[in-house]
Amino acid sequence: MLKEITALAASLAVMAASSIVAPASAQERTVKITGFGAKSGVVRVFGVNSEAALKAAAEQINKAGGVTLGDGAKAKLTIEFLDDRCNAEEGISVVRRIASTDAFVAVGPTCSNVAESLFGILQKKVGDATDTGLQFPIIADVAAKGGLAKISEWSFRNVPSEFEMYKSLFAWLKTQHPDLKTIYGGVEKDFAHSNATFGVMKAQAEANGLKVVGQSEWLLADTTFSTQVREMKRANPDIVAISAHPFTTCGALKEMERQGVKPKLLIGLTSSSSIETLQGCAKQAEGIIIPTSFAPVTPEAKNAAEQVAKFGGSADLHSAAAYEIVYILKDVIESQKIMAKPDTVAADRVKMRQGLAALKETKGLLGKVGRTSDREAIKPFLYVHAKGGSWQVLFKPAS
Amino acid sequence: MDFLDFIDIVQSIADGVLFGTTYALLGIGFTLIFGVMHKLNLSYAAASIGAAYASLLIFAGIKAPPPLVFLLAAVCGGFIGGMVYVIAFRFIPLANPLATLMSTVGLLLLIDEIIVHTTSGVPLAYPALFSDVIVRAGPFNLRGDLMFVFVLGCLCMVLLLLLLYRTKLGLATRAVSQQPIAAELCGISITRVNGLTFVITGVIGGIAGAMTGAAIGMLSPLLSLPLTVKGLIVTVIGGLGSIPGAIIAGLLVGGLENLFQFARGVSERDLYIMILLFVFLVFRPGGLFAPSAGRD
């Protein structure tokens, strides 16, 4: 009898405790933001940095009270990050998986080839009943190839415009180094971003009166550059522009040093303004100028860099974009009164898309970021150069 | 073609031949395992790069002299080689040729992912010896670091041949390679010989990984797959099971690669190397130095 009374009392106590806890947990709402990108393979570092940036920004927002939902409730942000292996099919599969949940937006991907294919499965034009494409908003943080957001009205990007960056850089070089007349290119031919950006560099160099005296090509996994650098040496250019990622950028720079190729100026690809280049070939990269949309030069940027580092990432132009995106999403959730409930998923996705499309300006770590009608960002940028084993700001163009 | 073009072609070929030493070292490993077990170890190049990475990571934060880093790479290579044998061969039915092939493919991917997860895929600078030495011969330049790799490759080949033809282990290895049943009847442990073969090829692989890193000046997980392909091409062209063949084919492939790069550009370069592979497979399947048949 005593046992039964004890059991009954315990049950009542548990029920009472549950009834006290239940309202509190009901108020404690969470909004899950799902990021995706490369977290395996040779571009894993991009995914690691993006995930760290998303988590860092979410933590900052949560510390400040979280996000206000459409029904007035406060919610905390949680971040989930999925791996697409920088593979288009996996990227599509990951997004279909995210879209089958309560998620109303996704952040990613890392690679332009994934973004290009992925944006292709989204509904091209909103409201087109004949288009059965996925109606799910995606905002890209890293994929940098020009013009990708045009593919679908559900696709958005917060990546810098490389066209604007190199246009500005070459115009600046013309004023600062009028004595430089010729340029030679080195391009990683089998990587979409490097290849496309080299086209931008070349066009802007010519537009600013530089004579392109040739170009050498190599592949992403190449190990020898002697033939390419010898071609470069014969052209004897004033400027060498290398549109390649850190591994081959360093390979080419080391070969240039061996063969005594010393151009008056070196220009690099945006993605190479990272710690990897300095880890691989700081000495050979000394002086290389790269335009970038991130450097810890403002209090916000410094804080972001510190927070991202706490989550095991490194803040660069790509992960800084991811950091900014979380704040953009918070603003859109609040302005569009997104409910974040299982029964409002479809409506929340539409609201999120409308909110992102309506943005004319967002707050960035280096200043205000403009938004274009084709859902791209116009980000402030600056030029950095490698000096003494670190990246230092060389010049900040007026925005 | 003017004189400068001629000089550039010769220089390109010379650079390629010297760099081909790293292919040759990898080819030796592939060919030795095939010679002994008649199996392909597709994880060999990845394990070699893994060994080089391990040597770098163990010395992380310490400015170790390059020879010590290379030595550690060889030791790590031997250890990884032994592990590869245990994981991908020891308990896999050897009678089924596909079983070990697939297990080594799996191991290749696994080693690659371990490297990627350990380093986030970030390229790391690798030390080199004689990297600032350039030997000038008229209009031509020869890289000191690649000449060192070349000499080391030749040394490895000589030591390996001495091991195979002047030691009891070598005798046992050859016996297992040629007549495994008879060798076993004579009291030779096939498992032990096979395991030691993997350790020895692992040591060479570690050296190959270190030399590749030294020649490029960096290590990246990007290297595993292309080096696996190059190693296989070298093994086929040199003759499966032939150590001198692997050396010659490594140098040949390195030289031709640069020649095609010079003549046809990067987009066609690998095409011609693949055509060369098919030419060998069709017209000389035994390769340049096919060993005489001896196994039952």
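This report walks through a predicted model with chains A and B, from confidence to a few local details.

Let's start with confidence. Chain A has a mean pLDDT of 91, and 93% of its residues reach 70 or more. The stretch to watch is residues 15-26 of chain A, where the pLDDT is below 50. Beyond near neighbours in sequence, that stretch has zero contacts in the model.

## Where the two chains meet

The contact draws 29 residues from chain A and 31 residues from chain B. On the chain B side, the elements giving two or more residues are α1 (3-37), α4 (97-119), β1 (124-125), α10 (243-264) and α11 (266-283). Helix α1(B) supplies the largest share of that side, with seven residues.

What sort of residues does chain B bring to chain A? Sorted by class, this side has 16 nonpolar, 11 polar and four charged residues.

## Two helices of chain B crossing

Both α1(B) and α10(B) turned up in the list of elements touching chain A, and these helices also pack against each other. As background, a packed pair of helices is described by the angle between the axes and the distance between them. Here the axes of α1(B) and α10(B) come within 5 Å and cross at roughly 145°. The crossing of the pair is right-handed.

As for what lines this helix contact, its residues split into 17 nonpolar, 11 polar and three charged.

Over in chain A, three strands make an open sheet in the order β12-β13-β14, with antiparallel pairing. The edges are β12 (361-363) and β14 (377-378), each of which pairs on one side only.

Zooming in on β13 (residues 368-371) of chain A, you'll find two bridges joining this strand to β14(A), and the two run antiparallel. If you want a spot to look at, R371(A) stands opposite A377(A) in β14(A).

## A closer look at L169(B)

Back in chain B, L169(B) sits in helix α6 (residues 168-178).

Leaving out residues up to four places away in sequence, L169(B) touches L163(B) and L196(B). For a sense of scale, A47(B) lies 122 residues from L169(B) in sequence, and the two are 23 Å apart in space, C-alpha to C-alpha.

Technical notes. Residues numbered from 1 in each chain as written. Chains lettered and ligands numbered in written order. Predicted model: local features only at pLDDT ≥ 70, side-chain atom pairs only at ≥ 80, totals over all residues. Pairing = 2+ DSSP bridges. Helix = DSSP H or I, 4+ residues; strand = E, 2+ residues; numbered from the N terminus. pLDDT = per-residue confidence, 0-100. Contact = placed C-beta atoms within 7 Å. Nonpolar A, V, L, I, M, F, W, Y, C, P; charged D, E, K, R; others polar. Axes fitted to C-alpha atoms, helices over the stretch in contact; angles between N-to-C directions. Left-handed = near helix turned anticlockwise from the far one by under 90°.
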